[in-house]
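Hello,

Here is the structure I said I would pass on. Please open it first; my notes follow below.

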Amino acid sequence: MKSVCVTGASGYIASWLVKFLLQRGYTVKASVRDPNDTVKTQHLLALDGAKERLKLVKANLLEEGSFDAVVDGCEGVFHTASPFYHDVTDPQAQLIDPALKGTLNVLGSCAKTPSVKRVVLTSSMAAVAYNGKPRSQVVIDETWWSEPEFCRQKQQWYILSKTLAEDAAWKFVKEKGIDMVTINPTMVIGPLLQPTLNTSSSAILNFVNGAETYENATFGWVNVKDVANAHILAFENPLASGRYCMVESVVHHSEIVEILRQLYPTFHLPEKCADDKPFAPKYEVSKERVKGLGIDLIPLKDSIKETVESLKEKNFF
């Protein structure tokens, strides 16, 4: 069977990616920071096929050459490892260096490894849609790029980290002749495989955990299973190329509350917006390319229900 590797394998998207790869018969080398940390690895080792075809390998994003052993002998490299959280005190050390240097470290290992046929990079809509251009009258697509200077001015450090990392990745693979595809999801929700709470799932938890108000914000949302599947299809389809935006719906937080109210009428949900300003405007993102990969996106309402049920089951309420 084909060997592939997944970096940051204990993460939210990566855990689903490992699960689906094992289901499809792949042998998976999974990089984690500490293979002996059972909180991070137990859910991976429990997956069907893990005993026979999953190997955990220690690697560190900031250590040059530490991915040589991970990618060795692999045909496909799925680079998902990149920190995503909001409360940062040192953006350079906590977000930018791991995203940017980590991506170049992984690609550097790929450049030395003749077995690697294609790299699939987990980027983000963060690298696409934040450039200060008006978004309401147009359809955002894969030709859009976020503007680093705009991100710095707004102090949007996560967005900056993903933009710099993807931009540097494209330059590197062009120079080295590496075949790469990027998947650019928005806020990712759905069931959790890992036992810890990830940032995008906590956004849904915040709505149902007794908050009095919801933030005046508009975001795109997509299901984690679609994102994981898109990675695999982007690897398997020889015609896949470039970037793939993944957004099922763009909605204001008030609409998320409304969906939750329909699904869970007994929940204590926020009644009003946190400010009196006009609602943050909605925008449209093209689904054409991702449909071309063969993904039929799971509707937002289903994704929200799956997220809440999973958070309940894992006792996050």
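Which residue in β12 does T218 stand opposite? T218 faces H252. Please keep in mind that this is a predicted model.

That pair belongs to a sheet, so here is some background, followed by the sheet itself. Strands of a sheet pair through backbone hydrogen bonds, and the pairing is either parallel or antiparallel. In this model, three strands make up an open sheet, and their order is β8-β10-β12. The pairing in the sheet is mixed. At the edges are β8 (187–189) and β12 (249–252), each of which pairs on one side only. From one strand to the next, the twist averages 40°.

Next, the two pairings in turn.

- β10, which covers residues 218–223, pairs with β12 in the antiparallel sense, over four bridges. Besides T218 and H252, you can look for W221, whose bridge partner in β12 is S249.
- β8 pairs with β10 in the parallel sense, over three bridges. Here I189 stands opposite N223 in β10.

A helix also belongs in this picture. Helix α8, residues 199–208, packs on the sheet and touches β8 and β10. The direction of α8 makes about 75° with that of β8.

Last, is β10 largely enclosed or largely open? Five of its six residues are buried, so β10 is largely enclosed by the rest of the structure. Buried here means under 20% relative accessible area.

If you want to follow this on screen, start with T218 and H252, then go to I189 and N223.

Regards

Definitions and conventions
Residues numbered from 1 in each chain as written. Predicted model: local features only at pLDDT ≥ 70, side-chain atom pairs only at ≥ 80, totals over all residues. Heavy atoms only, no water. Pairing = 2+ DSSP bridges. Helix = DSSP H or I, 4+ residues; strand = E, 2+ residues; numbered from the N terminus. Axes fitted to C-alpha atoms, helices over the stretch in contact; angles between N-to-C directions. Contact = heavy atoms within 4.5 Å. Buried < 20%, exposed > 50% of the residue type's maximum accessible area, 1.4 Å probe, protein only.
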